[in-house]
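Please take a careful walk through the structure shown below, moving from its sheet to its aromatic rings and then to a loop.

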Amino acid sequence: MATFSDPVSDREESLYSVLILEAPAGASCGRWIEDRLRDETESGARTFHLFCHFNAGGPWAGVSGLFSTLFPEIMSQRPDLIERHSLELVYVLPQLRGSLTVRNPTLTDLSSNQERVRSYPSDRAFRTVHGLIDLLDSWKTTCAPDIPWVIACEHYDEAGAMSSYFFRELMRRRGKSLHIRLLVTVKNGKGAGIAGLFRPSRAEVSIVPIDVPTESEVALEEGAAAVIAGQLEARIGNDRIETQIHLSDLIRVWEQAGRPDKVLYYRWFGLDVYNTLGLYADALRYAEGLLEFAFTHAPDDKYMQWSITVKVLNAHIGLQDVEATLKLAEGAAMKLADPVPAWRSYLFYMLAMMYARYRKPRDLAKGEDYLDRGLAALEEANLPEEDIHFHSVFNRNGLAMVRNFQGRHHDAIDLCRSGLARLNTHLAADKHRLHRSVLVYNIGQVYLAVGSHDEALEHYAAAIAMDPNYSEYYNERGSIFLQLGRLKEALTDYLKAIELSPPYFEVFTNIGQCYRQMGAMPEAIEAYSRAIDLEPNHVLALLGRAKACEDLSRAEAAIADYTVALSCDGSLWEAFASRGVMYYESGNLHASLADLSRAIEIKPDRGELYENRAIVLSDLNQRHNAARDLEMAIGLASTESDKLALESRLYALEHAESDGKATAF
């Protein structure tokens with residue numbers, strides 16, 4: 001595990017630098033940047049001139065340019081890092097899929113489109129970003145630690161979600177330590193909005209307008225564009241990876257060639273590829289106006305229209321945008337699906353998930369009704385028998401979820417068991433392996449919900465045996481072990497979860513919790529720090545690190561973390577109470593009094609808060625108020641022995657007051 005600096009110094013780290021240039025897009029702006037970068041190179045910096053416009057390079061525009069430049073060096077100097085981060089690299093540079101082996105593929109990765117019943121969570125793409133940053137950190141720290149970098153990103157205001165996020169997080173996490181300065185260009189008037197995307201408390205952001213002439217892009221003549229597009233298509237053939245690599249060029253030249261049919265296909269391709277990979281926000285960039293475009297330019301191609309609709313629905317679900325999903329599902333999607341029972345069955349299932357799982361509050365009755373309507377539509381569909389079995393089991397798994405939410409846990413388990421038995425009976429062993437593993441996992445989740453830990457662990461073990469590279473299974477099973485106090489087994493599972501995935505903050509927080517229960521406070525602080533590095537406002541990690549610092553008598557560090565946690569959630573009475581104790585131990589009695597008073601405002605029924613405030617008030621010579629707090633604590637005492645001890649303290653305080661003496665607590 002990586003080593004992290006003291007959390008206090010983390011908080012005091014100096015600002016990273018971002019220069020935002022407002023300028024009209026065009027070649028003149030690019031020449032201005034080249035001149036600036038030439039000066040930086042002469043000063044000893046390494047420079048990168050990247051183009052981040054989504055329409056020119058897709059979701060990873062700019063990021064792909066950076067890593068394509070660096071890849072040969074990293075491969076030569078640190079091939080171990082290439083192997084460790086192969087998943088992240090093929091995401092950004094799909095051309096590497098032919099030469100790199102992605103470690104530890106899951107059943108989700110290996111399943112065909114027809115069998116992929118589990119979509120990637122939206123945070124998987126964010127994990128990829130952090131894995132790439134870790135890769136850069138490890139390589140540059142060992143191979144080029146003192147060489148400053150200047151990264152120039154043109155068209156940053158037109159970047160896709162992942163490209164924009166990568167550069168923001170790179171600067172937040174490693175801008176200072178890796179000696180990186182970021183220069184971005186945006187259209188006139190966009191600077192303030194882009195500046196707000198960077199963390200103002202940590203970034204030194206400057207907005208500078210530059211005076212360069214406006215130059216319009218010269219489009220190809222229609223015939224010439226058609227020739228170029230045709231040649232590009234011929235060279236690519238049916239290679240999906242090459243199509244993905246050249247997708248932006250294909251869309252652009254076919255647009256210039258006046259071929260809406262080709263534009264429709266390639267935008268659909270982008271929607272399909274990046275939806276499947278879990279880059280949902282960027283997938284929706286390809287989908288903007290695409291369904292209406294299909295209605296206009298392919299009015300008779302109902303399958304294309306339906307495919308676009310399903311993929312857009314899936315992207316909205318991936319982003320948990322319930323209202324956008326319902327608007328499309330109950331509008332255009334319903335009209336398209338109505339004549340085709342199989343489509344209607346699928347749409348009803350999606351609507352069931354919206355109402356029963358994602359919408360708040362949940363409408364379980366409506367969800368169940370849609371599931372029943374979906375099953376009835378499936379019976380009308382003219383599907384092969386194998387598909388009928390699978391889709392029926394898939395539908396009833398949705399009902400099992402509803403039963404679990406209703407508290408009908410045994411019914412939920414029975415539905416999953418019967419579905420698994422049906423698949424095992426009617427399908428070949430190599431068919432729908434992913435869904436079989438999901439059914440086993442779901443049974444484990446239900447057992448966990450009812451507190452049957454042995455049965456839950458049994459089914460988690462079975463699910464892991466079926467899908468041994470799925471990181472989340474280990475993280476979740478580790479948390480079961482943690483609840484049971486089986487700390488070594490929990491830690492083993494958490495470390496396995498890290499090994500199998502690009503980094504995500506939840507598992508490092510869990511490792512911190514585990515180490516803290518083990519009494520290993522330095523290791524706990526290290527793990528919490530890793531989580532906070534990935535997600536600086538993760539309250540549980542902040543509180544955990546603060547508690548570990550408390551146990552090591554590092555009051556200043558604990559106060560710093562409690563302060564950040566409280567800036568995220570001002571209702572955390574325990575954080576106010578703990579920070580109040582830390583302030584007291586640091587000799588800051590007035591700050592201690594303010595925090596304990598705030599904790600009492602939020603949680604007035606906790607006797608220990610009044611006890612602690614009485615100590616502070618007594619030290620401040622406010623013995624009357626201290627006595628009143630002790631009286632409150634006596635009234636809230638839960639045991640007779642606690643009450644007697646508090647009464648003894650109150651007597652001592654009152655006796656000291658009558659004698660004109662102070663009593664220390």
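**A central strand and its neighbours**

In strand S4, the bridge partner of Leu-21 is Thr-185. The model is a predicted one, in which local features need pLDDT of at least 70 and side-chain atom pairs count only at pLDDT 80 or more, while totals for chains, interfaces and linings use all residues. Residues are numbered from 1 along each chain as its sequence is written, and side-chain values use heavy atoms, with hydrogens and water left out.

Helices (H or I, at least four residues) and strands (E, at least two) are DSSP runs, numbered from the N terminus, and two strands pair if DSSP finds at least two bridges between them. By that rule S1 and S4 pair in the parallel sense over six bridges, and strand S1, residues 16-22, also pairs with S5 in the parallel sense, over seven bridges. Within S5, Val-208 is the bridge partner of Leu-21, and Glu-204 is that of Ser-17. S1 is mostly covered, since six of its seven residues are buried, where buried means under 20% relative accessible area, exposed over 50%, and partly exposed in between (1.4 Å probe, protein chains only).

These pairings belong to an open sheet of five strands with parallel pairing, in the order S2-S3-S4-S1-S5. Strand S2 (46-51) and strand S5 (203-209) stand at the edges with a single partner strand each, so one side of each is left without a neighbour in the sheet. From one strand to the next, the twist averages 15 degrees. Helix H2, residues 27-42, packs on this sheet and touches S1, S2, strand S3 (149-154) and strand S4 (180-186), and its direction makes about 165 degrees with that of S2. Here contact means heavy atoms within 4.5 Å, and axes are lines fitted to C-alpha atoms, for helices over the stretch in contact, with angles that run from 0 to 180 degrees between N-to-C directions.

From the sheet we turn to the aromatic rings. The structure holds 20 aromatic pairs, counted when rings of Phe, Tyr and Trp (its six-membered ring) have their centres within 6.5 Å; planes under 30 degrees apart count as stacked, over 60 as edge-to-face and the rest as tilted. The rings of Trp-139 and Trp-149 have their centres 6.2 Å apart and their planes at 45 degrees, so this pair is tilted. It links distant parts of the chain, with Trp-139 in helix H8 (residues 123-143) and Trp-149 in strand S3, 10 residues apart. Trp-139 counts as buried at 2% relative accessibility, and Trp-149 is buried with a relative accessible area of 1%.

Tyr-303 and Trp-343 form another tilted pair, at 6.5 Å centre to centre and 50 degrees between the planes. Tyr-303 lies in helix H17 (residues 302-318) and Trp-343 in helix H20 (residues 341-358), 40 residues apart. Tyr-303 is exposed, because its relative accessible area is 57%, whereas Trp-343, at 17%, is buried. Elsewhere, ring pairs link Tyr-265, Tyr-266, Trp-268 and Phe-269 into a cluster.

Charged side chains also meet rings. The charged end of Arg-362 sits over the ring of Phe-405, 3.8 Å from its centre, the criterion being that NZ of Lys or CZ of Arg is within 6 Å of the ring centre and within 35 degrees of the ring normal.

Ala-428 has its place between helix H23 (409-426) and helix H24 (433-449), and Ala-428 is partly exposed, with a relative accessible area of 38%. Ala-428 and Glu-386 are 42 residues apart in sequence and 9.4 Å apart in space, C-alpha to C-alpha.
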